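Hello,

Here is the structure we talked about handing over. My notes follow below it.

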Amino acid sequence: MRTPPTIVNEHERLAALNKLRVLDTPPEERFDRITRLASSIFDCRFASVTFVDDSRQWFKSAINLDMTETERDVAFCAHAIAQDKTLVVPDTQEDPRFKSNPFVVGHPHIRFYAGVRLMIEGFAVGTLCVSDNNPKIFNCVQIQQLEQLAKLVESELQRQEFNDLSTQLEEYQFKLAQTQKITRVRSAILEKVVNAESLHTVLHDIVNAIEAEYTDQICSILLLEDGKLKMGAAPSLPDFYNDAIDGVEFGVGRGSCGNTAATNLPTIVEDISTHPFWTDWKDLALRAGVCSCWSQPIQGANGDAIGTFAIYHRERAVPTADEMRLIEQFAHIASIAIERELANQLIWKQANFDSLTGLPNRNLMLDHLQLAIKAADRESDKVAVIFLDLDNFKDINDTLGHDIGDKLLIECARRIKQCLRSDDTVSRLGGDEFVIILNGIKGLSSIELVVQKLLGEIVKPYSLELERVHTSASLGVTLYPDDAKDVKGLLKNADQAMYGAKDLGKNNYQYYTHDMQTAAIKRMTLLNDLRYAVKNKELFIEYQPIACFSSQKVMKAEALLRWQHPTKGRITPDEFIPLAEESGLIIDISNWVFNEVCANIKQWKAQNRQELQVSINTSPSHYFNLESNITQWLNLLLDQKISARSILLEVTENLLMEANEMVSKKLFQFRQAGVDIALDDFGTGYSSISYLKRFPTDFIKIDRSFVKSMTDVSNDKVLCEAIIVMANKLGIKVVAEGVETQEQYDILKSMGCDYARVISLQNRSANQTLSPFGRGTSATLPR
C-alpha cells in the first residue's frame, strides 16, 4: 500500500478545516440526506462525507459504514483531496495504490471508489465519496452528478450561520407549532435571506413577510452607522416619518430605537404620547398614526448592536412573552442578512484597500486609473500619474522599528490625501510606495501645484511616539495620453521618473522622458551584472596613497573599489555604488572588500610595512543591518592576527545623522578595539560639530571639492584652514582628499594639515610630476 501524496499548503488547508468547527460533531440530517441520495443515485452500498485532518479521516456522514474515523494513511480520501480531478478507482484490486489497503483486503472489502474534493476557501478539506463491494465504471455524467452533490455539501458548510439559525428556530418549533402564521413567516423570511441579492431587498422582504401575517403590526428596521440611525426598511410608515428618522443621532432616551441602539437592550414604550423618550418626536408619531413602539436590538456575532428591529402599533400596547420571543427571532433573522452584507463589504474592502493606511490598494488603483483614462478620453483631458516613494524609509524602519515605520506611513497617507483635490485619488502599493492619480488635467500648472504641496507637507517633521522623525519624498510624474496609452505603460513610466527624481537628490520630482526608459533598462542590466561581479572576479581594489606632511612618507592608503566589466569596460563607482546600496548588495561587497584588504595588509607586513594603515569606506546600511553585523570584522582581524591599527573605517555624516544606540555601540566597539574612525567628506553636508563630540572620531577628511579649487586667495583656503584649526583643537587629525598640484600641497602643509591623499601632483607651468617626497619620485605602495 502506497503512502498518500503530500498536499501543498497543508498548514493553510488544516486552518480552513478547523475554521469550519465540524470535526467530532454529531451527525446532521442535512449531510445524511446528501449521502443517502448519493448512495441511491449511483447504486453504491456505501456513501460518506469525510474530513481529513493531519492524522485521520473523520466521517461526518456515512451510509452502511460502521466506523467514525480511520487513520489518514489508509484513507482513500487522503488521495482524493490531493488531486484536482475527481478520484475514480474502478477496481481497487487492480490499482497498485489500494490493492493492499486494509479496507480492500478486509472489512468492508471496498472494490470501487469515487471521491470528490470538498473545497473551502480554496483548500480541499474533505470529500464526498461513494464506494461499493463490486467493481464499477463511472462515466462522465456520473462524475458530474457526484461533483454537483459535492457542491451541495460545500454550500451546507458555507452556510453554517444559516444552519445555526435553523437549529435555534427548531428549538422554538414546538412552542410555535400552534401558530401556523409563525411557521409561514419564518419560512418566507429564511427563503428571502438565503436568496436575496441585496440587503435592501432582504430587509424589505422581512418586513413585508411579517406584516402580511400580522396585519395589526407595523415593522421597521434601522441600521447603525457612524453613531446615527439609518433607514433599512419601513415600507408601511409614512415617508415624512422615515425621512425624519433617517440620520438621527442615537443615544440613551432618544426614542425607542435610539435608546435600544445606545443601550443594546430592548425598549418597550406602551404610550408614545406620554413617554419621556418620545418628547421630541411624539407629534411626528401622532401624524404617522402610531401610539406604541417596541424596539429590539439587532446584534452581530460579537453581541454588539448593528441595528434595531421595531414593531409599532396604532393603539397602546405591551408585548406578551411570546411576542417578545417573536421580536427577538425577527431581529436575529435580520442580523444574518445585515451581517452577510457587512461581511461582503469587509471582503470587498480587504480585497481593495490597504489594511494599514486605509488607502486603496493596487487592485482598486488599477480600476481607478482605468476609469480616469476613459474619462480623459471622453472629456479630451489628461491624466497625471505620480509615483511617490519615501526617502530613507528603510533606514527609519531599521533604526526606530516597524511600529514607528507603520505610524509614519499612516501619517504620510493622511498628508498626501490633504494635498489632493476631491476628484483625485491616492493608493498604497506596498512598503513606502504610493500612486497618485490626478484627473481632469488641463495643463502642467495644476500638476505643479499638487507636487509642490506634496513635497512641502511630507518633508515636515513627524512626532511619533516621542520620536522626531524626518523623511521626504521622491516623485515621478507621467501623463496620459502624452507618455503612454495604457495603465501598464503609465505605471512603468512614473516608476522610472521617480528614480530620476532620486538621482536628482531626493525630496524632488521628475517628469518622465523617453530617455528615462533607456536609463532604466541600463540600470536594471547593470544591477543584474553587479550581482555576479564578485563571483566572476570583476571587482578589484586600487589603493591611493595618503602621505604624511611632517615625515613626507606614505603612512596610509585608501582602498578604492573598482569594477572592470567584461564587455562595458571600467564602470565608475558613481554608477554602481548607489545600485549596490539600493539593492542591499553593498553588504556582501563590503565584506569582500574587507577580506581583500586584510589579505593585502598581511602581504605588506611580510614586506616590513608594519606602520601602514588602510582606510575602508563603509556603508551606513551595514551598521543598521541586523543580519550581517559589521563588528564581525573585529573577529576576522583576530583570526588573521592583524593589528586593529592597520584598519581605519570611514563613515559618512548621513550615518551619524541617523545613528541610534545600536549604531553608536558598534562605532565604540571598533574604537575600543583599536580601529580608528574617520569622518568622510567633511564640509559637504551638515558638518555638525556635535557629531565630533558624540561619536568617536580620529580623522576628518576634507572633501576634495574644497581642495580642488583652493588657491592662496580663495575662500576654500579659509574654510580648509578653519577646519584644520578646529580639528587640531579637538585632537583630531586631518586628511585632505584629492591633492593634485604642488600649490595645493604647499598651502595645506603651511596650514598644519596632517595628511594628504595624493592623486598626482602636476606643476601647472611645466607639467612636471611632483610629489611630497621631492621631484621625480613616485608615491606608490608595494603591490
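Contact here means heavy atoms within 4.5 Å. This is a predicted model: local features need pLDDT of at least 70, side-chain atom pairs count only at pLDDT 80 or more, and totals for chains, interfaces and linings use all residues. Residues are numbered from 1 along each chain as its sequence is written, and side-chain values use heavy atoms, leaving out hydrogens and water.

Ser48 first. Not counting residues up to four places away in sequence, Ser48 touches Thr35, Phe59, Ser61, Ala62, Leu65, Thr127, Leu128 and Cys129. Ser48 sits in strand β1 (residues 46–52); strands are DSSP runs of E, at least two residues, and helices runs of H or I, at least four, numbered from the N terminus. Ser48 has a relative accessible area of 2%, so it is buried (under 20%, 1.4 Å probe, protein chains only).

Next, strand β28 (residues 755–758). Tyr755 and Arg757 point one way, Ala756 and Val758 the other, and all are buried. β28 pairs (at least two DSSP bridges) with β20 (residues 539–548), antiparallel, over three bridges. Ala547 has Ala756 as its bridge partner. β27 (residues 733–739) and β28 pair in the parallel sense, also over three bridges. There, Val739 stands opposite Val758.

Last, two helices. The axes (lines fitted to C-alpha atoms over the stretch in contact, with angles from 0 to 180 degrees between N-to-C directions) of α15 (residues 393–400) and α16 (residues 402–419) come within 6 Å and cross at roughly 140°. Among the residues making the contact are Phe393 and Ile396 of α15 and Leu408 and Leu409 of α16.

Best wishes

Conventions
Buried means under 20% relative accessible area, exposed over 50%, partly exposed in between (1.4 Å probe, protein chains only).
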